[in-house]
Amino acid sequence: MIPIAAGARIWIATGHTDMRKGMQGLALLVQEGLGRDPFAGDIFVFRGRAGTLIKALWHDGVGLSLYAKRLDRGRFIWPATVDGVVSLTAAQMGYLLEAIDWRNPQHSWRPQSAG
């Protein structure tokens with residue numbers, strides 16, 4: 001898991017992204033396409049067209065890091081809007097990385113009684 005700092009913001013780039021891009025290409029996309037600073041310590045998450053691969057770009061103050069995750073089954077839940085960014089909390093990012101619907105997580109089991 002990415003060590004997310006307390007003040008870091010997490011942004012999902014809506015729509016789909018060319019997953020052939022590396023660190024420099026995604027940083028340029030953040031700067032020019034999203035109008036944000038890729039070196040400010042925020043985490044930017046991108047998804048490919050198929051929805052099975054995401055990449056996260058993060059600058060920790062020392063250098064850029066690029067994290068990737070590909071699902072064996074299923075797809076990552078993504079916002080329906082075409083352009084722009086959506087903000088996430090660290091907990092929602094955890095759900096996203098586990099391929100759980102981060103917009104409305106559901107408990108799979110709840111205790112019926114204490115004893």
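1. Basis. The model is predicted, so local features require pLDDT of at least 70 and side-chain atom pairs count only at pLDDT 80 or more, whereas totals for chains, interfaces and linings use all residues. Residues are numbered from 1 along each chain as its sequence is written, and side-chain values use heavy atoms, with hydrogens and water left out. Helices (H or I, at least four residues) and strands (E, at least two) are DSSP runs, numbered from the N terminus.

2. Helix α2. In α2, residues 90-97, the buried residues (under 20% relative accessible area, with exposed over 50% and partly exposed in between; 1.4 Å probe, protein chains only) are Met-93, Leu-96 and Leu-97. They line one face of the helix, because they fall within an arc of 95 degrees when seen down the axis of α2; the arc is that of the directions from the helix axis to the C-beta atoms. An α-helix has 3.6 residues a turn, so residues three or four places apart point the same way.

3. Surroundings of α2. The cover over the buried residues of α2 includes β1 (10-13), β2 (43-47), β3 (53-59), β4 (64-70) and β5 (85-88), contact being heavy atoms within 4.5 Å. Ala-99, which follows α2, has a positive phi near 60 degrees.

4. Partners of β1. Pairing of two strands requires that DSSP finds at least two bridges between them. β1 and β2 pair in the parallel sense over 3 bridges, with Trp-11 opposite Phe-44 in β2. The chain passes from β1 through helix α1 (residues 23-33) to β2 in a right-handed β-α-β crossover (clockwise from the first strand over the helix to the second, with the strands pointing away from the viewer). β1 also pairs with β5, in the antiparallel sense over 4 bridges; the bridge partner of Ala-13 in β5 is Val-85.

5. Strand β2. In β2, 5 of its 5 residues are buried: Ile-43, Val-45 and Arg-47 on one side, Phe-44 and Phe-46 on the other. β2 and β3 run antiparallel and are joined by 5 bridges, and Val-45 stands opposite Ala-56 in β3. Their hairpin has 5 residues between the strands, and Gly-51 there takes a positive phi near 85 degrees.
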